[in-house]
Amino acid sequence: MMQAEGTLSRLAIWTITALGLIVIYAPPLYLLGVSFNPALQPGLPHLADLTVKWYLALSGETQLVAALEQSLLIALVTAILATLLALFAALAHMELHQRRTAWFLTVLLPMFVPGVIQGLALSAVFQRAGIKASMLTVIGGHLLWALPFAFIVILTSLSVVKRSYLMAAADLGAGRLRQFLDITLPLIRPGLVSAFIFAFLLSLNEFTRAFYLAGRQNTLPVVLFGKMNAGASPTIYAMSGAIFLVSVLCVALVAGPALLRRRAGPAE
Amino acid sequence: MNRSLLPALGLAALPLLAILALGFVPLMVVVVWSFWSWDPVTYWIRPDMSLAAYVAILDAGRWTVILSTLAKALVTALLCLLIGWPTAYAVHFLAGRRLSLVLLALMTIPFFTSYLIRSFSWRLVLGRTGVINTLLIEAGLIAKPLDWLLFSDFAVVIGLVASYLPFATFPLILSMRRVDPVTMQAARDLGAGFWTMLRTVLVPLTFPGLFAGFLFVFVMVAGSSTEVQMLGGAGASIVTVMINDVMRVANYPLAFAISTVVLVVIFGLVLAGNARFGLARLFGEGGA
């Protein structure tokens with residue numbers, strides 16, 4: 001590509017890009033560093049002092065562990081349901097030729113509903129309908145939050161399924177189900193895995209909806225929120241650091257190969 | 001025609017049911033309930049056609065919270081565009097293949113990490129004993145810690161930019177992918193320098209991305225709560241936090257009325273943006 005920006009302009013552009021990344025990543029990475037510091041006062045540890053004692057101490061924090069178990073279970077169910085529904089929604093999008101824009105918007109719009117408002121609305125309606133707050137109500141809230149993201153991921157992966165493949169299969173006598181199982185499914189399997197992991201992480205890290213919808217057993221972010229405001233302790237740094245690190249690694253594992261594939265594929 | 005639509009309807013049924021039952025219906029119920037009035041006998045609301053809750057939005061300082069929410073959304077969206085546009089340029093035009101993939105991955109990760117943890121981590125950076133104050137004191141630039149760094153509007157806006165920057169960067173990258181490089185080359189051949197080319201060709205051509213990025217960030221900030229709860233000063237508020245506060249005293253009609261106003265603004269903006277630029281097209285999913 002032609003490079004006529006001039007050194008100074010290019011330097012300015014890279015500086016701003018780096019600034020954006022620093023604003024996003026520096027604080028949580030610093031928090032992660034602090035979680036390996038043996039001292040009670042937050043600060044970066046010296047290399048010689050690195051410790052995992054706060055991580056080991058987490059097993060003694062029964063409240064955090066119970067919340068983590070609840071969150072993992074909710075995230076698992078949410079991810080399964082969101083991936084399935086998003087797959088149906090994406091396949092429907094493929095079948096709809098003229099009206100697909102309207103369908104695209106319908107699935108995407110829940111993304112823009114503020115968490116507080118969706119949580120409040122669902123909890124008020126559940127309460128009036130006599131449905132007790134529980135794991136299921138949180139899953140209901142999280143499902144709507146994760147669905148649009150899973151939908152976009154699966155839709156993107158569906159772009160590799162060429163119409164001609166399906167027509168060829170149909171010519172050879174394959175019904176719709178056979179076409180899906182033998183052609184579409186193998187091609188979009190990576191997209192389904194990505195959608196599942198993304199939905200899992202969105203649910204695991206979701207706070208404002210769970211704040212309204214959780215029953216007796218709160219989810220991890222709700223418990224963390226309470227503890228963060230009641231005076232943070234090193235175990236909170238450790239739990240936050242661990243969740244952040246796991247989230248980053250999961251996305252990196254999924255996004256890396258997915259982005260590579262997209263670039264390698266035919267141009268849009 | 002109708003026959004070919006059948007499989008689509010069958011596939012769409014379940015997701016549509018979930019979206020209606022968990023999203024559309026509860027939100028519509030909230031809109032209806034915002035016109036009902038509080039009944040102290042049942043400790044709940046009763047059917048009515050009252051605008052009392054909407055009138056109450058206008059008093060007792062609630063109006064200023066709405067204004068400050070709009071201000072925060074505006075400032076954050078502009079800052080995100082100022083950082084996001086050069087970032088998108090770097091990703092699309094400057095970076096080599098591998099680096100641009102790394103940058104794209106780095107911009108994807110924030111969507112799926114905890115906004116709570118990321119906001120909270122700013123406390124360690126901006127606090128009285130945080131990184132910035134410690135560095136400034138060690139450098140001899142200040143004698144005692146700066147208090148306005150944390151629990152202030154300054155901290156909130158930084159936290160919001162950190163949270164929602166990728167919502168601006170992605171539409172900008174997508175809009176730059178749609179720019180035909182020939183137009184930029186033509187500008188150059190006609191003697192335009194880099195900055196003239198930006199001003200007259202590239203920025204106008206990325207206007208859909210700028211608009212979508214602004215819209216996404218604005219809408220996300222209008223619905224955000226965590227950043228203010230973690231980083232805002234005493235009495236700091238934003239509409240969603242105000243809804244929380246109103247709910248704490250069980251003032252359902254008022255909470256529902258504020259929610260309705262926020263929903264109308266957000267969906268108005270998103271649908272208007274869609275009508276003008278086509279959100280679906282931005283994701284590379286053409287309408288036809």
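Predicted model: local features only at pLDDT ≥ 70, side-chain atom pairs only at ≥ 80, totals over all residues.
Residues are numbered from 1 along each chain as its sequence is written, and chains are lettered from A in the order in which they are written. Local features need pLDDT of at least 70, side-chain atom pairs count only at pLDDT 80 or more, and totals for chains, interfaces and linings use all residues.

**Exercise 1.** Compare the reach of α5(B) with its expected span.

Solution. Helices here are DSSP runs of H or I with at least four residues, numbered from the N terminus. α5(B) covers residues 115-126, twelve in number.

**Exercise 2.** Is α5(B) largely enclosed or largely open?

Solution. Call a residue buried if 20 or more other C-beta atoms, placed from the backbone, lie within 10 Å of its own. Among the residues that pass are Tyr115(B), Phe120(B) and Trp122(B). Eleven of the twelve are buried, so the rest of the structure largely encloses α5(B).

**Exercise 3.** Describe how α5(B) packs on α7(B), residues 153-177.

Solution. Start with the axes, lines fitted to C-alpha atoms over the stretch in contact, with angles from 0 to 180 degrees between N-to-C directions. They lie 10 Å apart at about 135 degrees. Next, list contacts, meaning C-beta atoms placed from the backbone that lie within 7 Å: α5(B) brings Tyr115(B), Arg118(B), Ser119(B), Trp122(B) and Leu126(B), while α7(B) brings Ala155(B), Ile158(B), Gly159(B), Ala162(B) and Ser163(B).

How values were computed. Helix = DSSP H or I, 4+ residues; strand = E, 2+ residues; numbered from the N terminus. Expected span 1.5 Å × (residues − 1). Contact = placed C-beta atoms within 7 Å.
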